[in-house]
Amino acid sequence: MPNKTLYGRHTLKTEVAVNAPVEQVWEVLSDFSAPDTYAEQVTLSYSLTPDKHGLGEARHCDIKGFGSIQEEIIAWQDGRSLTYSVTPLGPLGKSVSRWTVDPDGDDRAKITVELGYDLRFGPLGWLMHVLVMRRALQKAIPQGPEALKTRVETGNSIRQRRAPVGQPQMNPSHA
């Protein structure tokens, strides 16, 4: 996938260095339905397309302080990057997030996260963005790659995989 600018009038970007090889970072990141195992702010996540991996794979996430969203992978470069669309939330309209993993020296990787988005609700959405949402996003966006870094470097999940209400719990030996 060419390294082109993401969709959206507004953008945010963050990077974090990881003391692990690219392959180890990608192994955790590419388990698209599992951000709740490393990101504290994702209180629940699960696959909406359990038979897919990569392009077209979709997930549901409950995000502390933001609400629920659905995301679908729209670009996939195996071992290197994934890009996904995000359903609208609050004043955020269409948005797209790209996560890229690059080598950063011997047995080190760099995670780059970019978010491109538009706003909804006209002037009210713009005001909400200026007063609250932009700062909240600037604080929240770095938390994802930092959490992934911790998960990869320590090998520890912050919580066991959980199924949504009404769905059978996953057996950790099969997850």
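The reply below starts with the rings and moves on to the strands.

Reply: This is a predicted model, so local features need pLDDT of at least 70, side-chain atom pairs count only at pLDDT 80 or more, and totals for chains, interfaces and linings use all residues. Residues are numbered from 1 along each chain as its sequence is written, and side-chain values use heavy atoms, with hydrogens and water left out.

Start with the rings. A search of the whole structure gives two aromatic pairs. Phe 32 and Tyr 84 form an aromatic pair that is edge-to-face, with 5.4 Å centre to centre and 65° between the planes. Rings of Phe, Tyr and Trp (its six-membered ring) pair if their centres lie within 6.5 Å; planes under 30 degrees apart count as stacked, over 60 as edge-to-face and the rest as tilted. This pair links distant parts of the chain, 52 residues apart. Phe 32 is in the loop between α1 (22-29) and β2 (42-47). Tyr 84 belongs to strand β5 (residues 81-86). Helices (H or I, at least four residues) and strands (E, at least two) are DSSP runs, numbered from the N terminus.

Both Phe 32 and Tyr 84 are buried. Buried means under 20% relative accessible area, exposed over 50%, partly exposed in between (1.4 Å probe, protein chains only).

Arg 59 lies over the face of Phe 32, 3.8 Å from the ring centre. The charged end of Arg 59 also sits over the ring of Tyr 84, at 5.0 Å from its centre. The criterion is NZ of Lys or CZ of Arg within 6 Å of the ring centre and within 35 degrees of the ring normal.

β5 and β6 pair in the antiparallel sense over six bridges. Two strands pair if DSSP finds at least two bridges between them. Val 86 stands opposite Ser 95 in β6. The hairpin of β5 and β6 has five residues between the strands, and Gly 90 there takes a positive phi near 55°.

Strand β6 (residues 92-103) is mostly covered, with 10 of its 12 residues buried. β6 also pairs with strand β7 (residues 109-119), antiparallel over 10 bridges. Here Ser 95 turns up again: its bridge partner in β7 is Tyr 117. The hairpin of β6 and β7 has five residues between the strands. In that hairpin, Gly 105 takes a positive phi near 100°.
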